[in-house]
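The following note sets out several points for a colleague to consider alongside the structure.

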Amino acid sequence: MYAGNKKVGVVTCAMYSTLTRKSMAIARLDVPVAVHGTRVEIRGKNVKGPATAHTLPFDDPEKKKRMAVG
């Protein structure tokens, strides 16, 4: 992961969510970049594109999709 030309992190797990119909990833980021809303760029062997840092949980922050009750 890059911010400008500086490497600021690495993707540890990437996936496509059929629930949200978006690509998502968990990444290790440098502390100054690990802020909700920070724009970064993914640059890999087979992929290149924009990304945005989010807090967890990033796909359901209000926990409305949970199935278990308790």
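1. A salt bridge here is a side-chain nitrogen of Lys or Arg within 4 Å of a carboxyl oxygen of Asp or Glu. The model is a predicted one, and by this rule its count comes to 1 salt bridge. The pair consists of arginine 43 and glutamate 41, whose side chains meet at 2.9 Å, N to O. Side chains of opposite charge can pair when their charged atoms come close.

2. As to the overall fold, the chain has 0 helices and 6 strands, in the order β-β-β-β-β-β along the sequence. Strand β5 (residues 39–43) runs antiparallel to strand β6 (residues 48–52), and 5 bridges join them. Between the two strands of this hairpin lie 4 residues. Arginine 39 has threonine 52 in β6 as its bridge partner.

3. The largest nonpolar core holds 6 residues: Met1, Val8, Val33, Val40, Ile42 and Ala51. In soluble globular proteins, nonpolar side chains tend to be buried together. Beyond its neighbours within four places in sequence, valine 8 contacts Met1, Tyr2, Ala3, Arg28, Leu29, Asp30, Val33 and Val40.

4. Turning to the whole chain, 17% of its 70 residues count as buried. Among contacts with a separation of 6 or more, 29% link residues 24 or more positions apart.

How values were computed: Residues are numbered from 1 along each chain as its sequence is written. This is a predicted model: local features need pLDDT of at least 70, side-chain atom pairs count only at pLDDT 80 or more; totals for chains, interfaces and linings use all residues. Side-chain values use heavy atoms; hydrogens and water are left out. A nonpolar core is a set of buried Ala, Val, Leu, Ile, Met, Phe, Trp, Tyr and Cys residues joined through side-chain atoms within 4.5 Å. Buried means under 20% relative accessible area, exposed over 50%, partly exposed in between (1.4 Å probe, protein chains only). Contact means heavy atoms within 4.5 Å. Two strands pair if DSSP finds at least two bridges between them.
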